[in-house]
Amino acid sequence: MEKFKVEVGLLQGSRLCTKNSPERREWKMMKLLNDDEAIQEEDGDTKVGEFSHPVPWQKIEAEGLDCDYALIFSKKEADELFKHLEEEVVYSTGEEAKVQVYGKVYNIPRKQATYGDTGLMYTYSGVARLACPWTPTLENIRDAVTKATGQTFNFVLINRYKDGLDHMGEHRDDEKELDPSCPIASVSLGAARDFVFRHRDARGRNSSRQIEPVKLELSHGSLLLMNPPTNHFWYHSLPVRRKILQPRINLTFRRILNSKK
Ligand SMILES: O=C(O)CCC(=O)C(=O)O
Ligand SMILES: [Fe+2]
């Protein structure tokens, strides 16, 4: 991992401990639990997202970057969710499966789908998308994310990467329709993939400053919260990783303002 500040924080109930709250200070003293300790395997009738213990958050900070990362689903839960999503999610085809960059149209190197509250429209990479109605599994995941963060979401963008050749180029999720006060909540299922943040002033050859990129690995069952102002100052990407042969599904839960209902 690159040089950046990592702090252990925990979420209690549906409330993220604020930076200097007593809970936060107490949790900072704890070590980050490993996967098995952090999320115990649950018996059959436990509903996804009904946590029996606080979520072990890791704080990721750099100049203008504020993220929280945690494993919110056990392996068993994450396997189940992946399987259900493979059955339920219908991905875009045809014109909807293309993006426009500086006026040129490209096929996207992954599959995409959008779900959300009835009638919600969202423009992404120059393409306006109408949200499909929530499926039971998506509602389940959305509610688990709300429970873990205290934030509500009305829209999810789903990206399916068939293997390590599928990827996503550098971008910021700073569209005007997004509620600027709401984090983007990114749930990852399937193959673990690298995720790279790059500061807007440190991109390309003629960059004005030298700022180290922030690199993470997003694991099966994880939640990454990109809190404001992260998406203003930092671009992010999911680079090609040729050795990865397994699929991955990523869901970014968002809150859209002024929905055209
Ligand atoms: O797949 C990922 O982790 C990245 C997704 C993303 O950046 C997006 O949906 O805007
Ligand atoms: Fe993004």
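1. Strands (E, at least two residues) and helices (H or I, at least four) are DSSP runs numbered from the N terminus, and histidine 171 lies in strand E12, residues 168-171. The model is a predicted one, in which local features need pLDDT of at least 70 and side-chain atom pairs count only at pLDDT 80 or more, while totals for chains, interfaces and linings use all residues. Residues are numbered from 1 along each chain as its sequence is written, and side-chain values use heavy atoms, with hydrogens and water left out.

2. The unreviewed UniProt entry carries a "binding site" annotation over Asn159, Tyr161, His171, His236, Arg248, Thr252 and Arg254; such annotations may be inferred rather than shown by experiment, and their positions follow the numbering used here, with feature names shortened.

3. With a relative accessible area of 14%, histidine 171 is buried (buried means under 20%, exposed over 50% and partly exposed in between, with a 1.4 Å probe and protein chains only). Leaving aside residues up to four places away in sequence, histidine 171 touches Tyr124, Tyr235 and His236, where contact means heavy atoms within 4.5 Å.

4. The side chains of histidine 171 and aspartate 173 make a polar contact at 3.5 Å (a pair of N or O atoms within 3.5 Å; within protein, one must be able to donate a hydrogen and the other to accept it, and residues adjacent in sequence count only if both atoms are side-chain atoms).

5. Arginine 254, in strand E18 (residues 248-254), is buried at 2% relative accessibility, and its side chain joins that of tyrosine 122 through a polar contact of 2.6 Å.

Notes: Chains are lettered from A and ligands numbered from 1 in the order in which they are written.
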